[in-house]
Amino acid sequence: MGKKIVFLVKYMEKYFNYILIQYNMGQQEVFDFLMKNPKKYWNSKEIADGLEASIGSVTTTLAKLRKRHDVKYKMASDKKNMFLYKYKSWGSLENFKHKFI
């Protein structure tokens, strides 16, 4: 009986941590991930794995960032309908002003 309870507690702990991660994951976390890893293009699965978040929430967030032109993106050459994402540096103050002012 004791082993079953320990297993159940560990399962529930993992499950609730997963729910908390999903609930708290937002655009800032995805943007921060790309900013901390600027050297390569990432697909949504790699980003989701890096953030320990669901692929669905990351994909939705990336679509919003893509629509607002807040990240660099391109189509993957080897797969159809797959975007690759990279941190977009605003560079100069003029670029920043152009985006926000």
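R68 has a relative accessibility of 43%, so this arginine counts as partly exposed. Keep in mind as we go that the model is a predicted one. The partner of R68 is D70, and their side chains meet in a salt bridge with 2.4 Å from N to O.

Side chains of opposite charge can pair when their charged atoms come close. Here the count of salt bridges comes to three. In one of them, E46 pairs with K40, and 3.6 Å separates the closest N and O atoms. Both ends are partly exposed, because E46 has a relative accessibility of 31% and K40 has a relative accessible area of 34%. There is also a salt bridge between K45 and D49, at 3.2 Å from N to O. Where do K45 and D49 lie? Both belong to helix 3, residues 44-51, and they are four residues apart, about one turn of the helix.

Now for the nonpolar side of the picture. In soluble globular proteins, nonpolar side chains tend to be buried together. The largest nonpolar core in this model has 13 residues, and those touching the most other members are V30, L34, I47, V58, L62, V71 and Y85. Helix 2 (27-36), helix 3 and helix 4 (55-67) each give two or more residues to this core. Helix 2 provides the largest share, with four residues.

Notes:
Residues numbered from 1 in each chain as written. Predicted model: local features only at pLDDT ≥ 70, side-chain atom pairs only at ≥ 80, totals over all residues. Heavy atoms only, no water. Salt bridge = Lys/Arg side-chain N within 4 Å of Asp/Glu carboxyl O. Buried < 20%, exposed > 50% of the residue type's maximum accessible area, 1.4 Å probe, protein only. Core = buried A, V, L, I, M, F, W, Y, C linked by side-chain atoms within 4.5 Å.
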